[in-house]
Amino acid sequence: MILAKLAYKSLLNRRASVLLTLFTIAISVMLLLSIERVRIDAKSSFSNTISGTDLIVGARTGDIQLLLSSVFRIGHTNNGVSWKSYEYITSQRGVKWSIPISLGDSHKGQAVLGTTLDYFSHYRFAKKQNLTFNKGHPFAAINEVVLGSEVANKLGYKLNDSIVISHGMGNTSFHHHDDNPFKIVGILNPTGTPVDKTLHIPLAAIDLIHGGSSPVHAEHAEHAEHAEHAEHAEHAEHAEHAEHAEHEKHNDLTGHPKQITAFLMGFNSPLYTLQIRRNINQYKQEALLGIMPTVTLKELWEMLAIVEKILLLFSAVVVLISLLGMLTTLLANLSQRRRELAILRSVGARPWHLFTLISIESLLTTLLGCLAGSVLYYLAIFSAGGYLQSHAGISVNITILSYYELGLIGVIMAAGFIIGLIPATRAYFYSLSDGMSIKA
């Protein structure tokens, strides 16, 4: 205890250089823990982009390319899926639900996705969480649009605003569909997935804006059709009429497009998933590909494993540099402390006392640096959590340090102690070379 107290007093006496060393260790620990947390949560967020979907079906291409284009809106497929094939495949036994999606348009650099009302009912992310609305409701007419949270926040849109869709993905738009404006009727809650950066419109609207007809005409036709159905259903049961009207409304929003980009499927049993996937991959009418998103996501992350290793290597190098900085500081101060060490020897301290003193100083500096680094880590995660969620789609969890993270801190402590043995050993031999060794 006397040596520990003496080491503490010695550190206070040299607080300027000690604080600088402590600060570098704290920064390195913060970076190491932050990189590890972002790496783990990025992997988790990446895997949770789509959940509860058994199959994704699109034109025959690579598994990863189909996943990136249909789920992450990265790249594009050269071909689509004919509507006839979609209807045939989704009518097979065991299919619980299906979601057609059509991509290819954009709005100010944000992807536009044509789909049906089933998208809001069956699409899942994270641990099978469903999409929820922050404001408004799903589209109910052909000229209505639902925005992802980031689109609304980034572009400053609110309910009932009108927007114009452009042909072409990303920031490259070849034609603006000014004659077919869309009314914002819903804004989704944040999900940390590409859904946040997407505008959702009825599938029938994709054909509408490309066909050049007016949404007003489409609405008139819809009202006329409903009026005709109401006239024919005067003597029918009210419940049957409501169900029929809902079905017609769903068909009006879906339409009969020539082709779609891809579609998602859910099945009643995993056995149907494997069977229909095999049938899709052997489909003779057109070249189609069915992928299981969970399996493909795992393959994609394995391809990115080199990124994990680079991040881990980078953080390890930062820690090593900080520890080497501590070693340099200790060695530089040691030459200036020879008089101090000689005084300690003159009052009865033995060489191993000096060895222990310097070792405790290095261990105490490393410990304080790790504690400060842990505090900075939580501050950094708390401050950057919202930004990572909204801009990178990474949902960072603020939790207590895991056993793995505590193990990393333990490794740093051990490394700091080992490095501290170098100046401690030199102090030991300094005391002998100064001619103050005590004979037994």
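## Ser-28 in helix 2

Ser-28 has 1% relative accessibility, so it counts as buried (under 20% relative accessible area; exposed is over 50%, partly exposed in between; 1.4 Å probe, protein chains only). Ser-28 lies in helix 2. Helices here are DSSP runs of H or I with at least four residues, strands are E runs of at least two, and both are numbered from the N terminus. Leaving out residues up to four places away in sequence, Ser-28 touches Val-318, Val-319 and Ser-322. Contact means heavy atoms within 4.5 Å.

## Basis of the model

This is a predicted model, where local features need pLDDT of at least 70, side-chain atom pairs count only at pLDDT 80 or more, and totals for chains, interfaces and linings use all residues. Residues are numbered from 1 along each chain as its sequence is written, and side-chain values use heavy atoms, with hydrogens and water left out.

## Helix 2 against helix 11

The axes of helix 2 and helix 11 come within 10 Å and cross at roughly 150°. That makes the two helices roughly antiparallel (over 145 degrees). Axes are lines fitted to C-alpha atoms over the stretch in contact, with angles from 0 to 180 degrees between N-to-C directions. The crossing is right-handed: the near helix is turned clockwise from the far one by less than a right angle.

On the helix 2 side, Arg-39, Ala-42, Lys-43, Phe-46 and Ser-47 take part. They meet Leu-297, Leu-300 and Trp-301 of helix 11.

## The largest nonpolar core

The largest nonpolar core holds 33 residues. Such a core is a set of buried Ala, Val, Leu, Ile, Met, Phe, Trp, Tyr and Cys residues joined through side-chain atoms within 4.5 Å. Ile-56, Leu-67, Tyr-119, Phe-120, Tyr-123 and Leu-131 have the most contacts inside it. Elements that each supply at least two residues include helix 2 (15-47), helix 3 (63-70), strand 3 (95-107) and helix 11 (293-303). Strand 3 gives the most, with four residues.

Take Leu-67. Beyond its neighbours within four places in sequence, Leu-67 contacts Ile-56, Phe-72, Ile-291, Pro-293, Thr-296, Leu-297 and Leu-300.

## Strand 4 and its partners

Six of the six residues of strand 4 (110-115) are buried, so the strand is largely enclosed by the rest of the structure. Strand 4 runs antiparallel to strand 3, joined by four bridges. Pairing requires at least two DSSP bridges. Asp-105 stands opposite Val-112 of strand 4. Two residues separate the strands of this hairpin, and Lys-108 takes a positive phi near 55°.

Strand 4 also pairs with strand 13 (198-202), in the parallel sense, over five bridges. There, Thr-115 stands opposite Pro-202.

Key:
Parallel < 35°, antiparallel > 145°, perpendicular 65-115°, else oblique.
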